[in-house]
Amino acid sequence: MTPVDGLDTMILMGLQPQADEARKLIDEKLDFDQDMYVKDFEITIRMMGGLMSSYELTGDKRLLELADDLGRRMLPMFNSPTGMPYEYVNLHTGAVRGAESNPAEVGSLLLEYGTLAKLTGKQMYYDKAKRALVEMYKRQSKIGLVGIGINVETGKWTDQTAGIMGGIDSYYEYLLKCAILFHDKDCEHMWTQSARAINKYLADQRPNGLWYGQANMETGKRVSTYYGALDAFYPAVLALSGDRKRAAQLEDSSYLMWNFAGVEPDSFDYAKMQIASAAYPLRPEIIESAYYLYHYTHDPKYLTMGQTFFDSLVKYCRTDVGFAALSDVRTKQKTDSMESFFFAETMKYLYLIFAPPSTLNFDSIVFNTEAHPLKRNFITASK
Ligand code: DMJ
């Protein structure tokens with residue numbers, strides 16, 4: 001998975017020999033006929049997203065063939081009574097498991113499956129992922145919020161906590177981005193309605209800045225005041241949606257959180273100004289948001305932020321052979337882990353903040369939630 005997730009970053013950085021080596025490895029060795037359960041969400045955003053963006057950057061048809069093979073193997077995940085996907089699918093047998101899911105895992109498939117449909121001409125990929133997204137939206141509460149736990153067989157909520165945190169985050173991201181990438185009016189409508197509810201019930205203006213916390217999805221009553229590394233994707237989404245003011249305010253709050261201990265924690269109680277979960281798994285979101293905001297504003301303060309992120313990564317996470325997640329941002333204790341999103345996202349967004357704009361034409365692509373740029377104008381592969 002790591003070479004697939006990292007390939008387009010190497011290409012964009014101009015690391016040609018390394019990119020060629022990774023592509024050769026993928027072309028010759030990657031085989032999805034594996035008797036193992038994979039998590040739909042992770043495999044879709046990392047593998048399928050990575051294969052298709054690298055296909056679009058290189059024209060290597062083998063990468064698209066692999067994406068198509070993967071898509072076909074994963075299709076049984078949609079065979080639930082509601083059409084919302086099970087969490088896991090076996091790539092060899094097509095068996096599924098995991099009915100307890102959440103909006104992010106159900107609703108973050110359409111950028112990839114929609115692109116696969118456009119590139120292969122197989123419309124069914126689009127339709128199945130779109131149905132899952134719509135089925136999720138249909139279950140939002142009367143005030144327009146979704147919870148963080150849902151059963152895909154019964155369609156009933158198992159946890160009514162609403163927020164923009166991990167487990168919900170990319171559901172909102174995909175509503176907006178699918179509207180842009182596919183000119184999909186349903187997605188546009190779902191995004192607009194959702195954004196209104198998010199700003200009404202989840203936004204939390206405090207003396208120390210603008211934050212987004214948690215509320216009960218039915219009543220809108222605030223239940224907690226956590227914001228964390230994952231939530232910091234939202235300034236980028238706000239910026240992309242045109243709400244640059246809130247985007248800038250929320251990125252300022254995110255930066256406050258980063259500087260609290262010199263590296264951001266996974267969860268932060270913004271009301272108490274206390275770390276709630278101290279790990280840093282090399283996440284990209286705050287860097288992604290700085291990149292979007294720099295792109296739109298050219299305000300040098302986002303370059304300063306980028307420099308801070310870069311310096312902290314080098315100072316606290318660098319090892320002799322790679323970069324390490326931190327188990328505690330207060331002690332800077334390293335842990336033996338380096339997620340593939342570090343290559344796909346963290347490094348890519350950091351590079352793009354400082355790279356000449358010609359490196360990637362921002363307006364011609366939409367990034368999936370794993371930072372794989374998908375082209376807005378689809379060119380179908382010729383046989
Ligand atoms: C990535 O896999 C994706 O960005 C996902 O949307 C959230 N989690 C990680 C990065 O933090």
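How are α6 and α7 oriented to each other, roughly parallel or roughly antiparallel? The structure is a predicted model, in which local features need pLDDT of at least 70 and side-chain atom pairs count only at pLDDT 80 or more, while totals for chains, interfaces and linings use all residues. Residues are numbered from 1 along each chain as its sequence is written, and side-chain values use heavy atoms, with hydrogens and water left out.

The axes of helix α6 (residues 110-120) and helix α7 (residues 123-138) come within 7 Å and cross at roughly 160°, axes being lines fitted to C-alpha atoms, for helices over the stretch in contact, with angles from 0 to 180 degrees between N-to-C directions. The two helices, α6 and α7, are therefore roughly antiparallel to each other, a term applied to angles over 145 degrees, whereas those under 35 degrees count as roughly parallel.

Three bridges join β1 to strand β2 (residues 88-90), and Tyr 37 has Asn 90 in β2 as its bridge partner.

Glu 370, found in the loop between β17 (365-367) and β18 (373-375), counts as buried at 2% relative accessibility, buried meaning under 20% relative accessible area with a 1.4 Å probe and protein chains only.

Terms used:
Helix = DSSP H or I, 4+ residues; strand = E, 2+ residues; numbered from the N terminus. Buried < 20%, exposed > 50% of the residue type's maximum accessible area, 1.4 Å probe, protein only. Parallel < 35°, antiparallel > 145°, perpendicular 65-115°, else oblique. Pairing = 2+ DSSP bridges.
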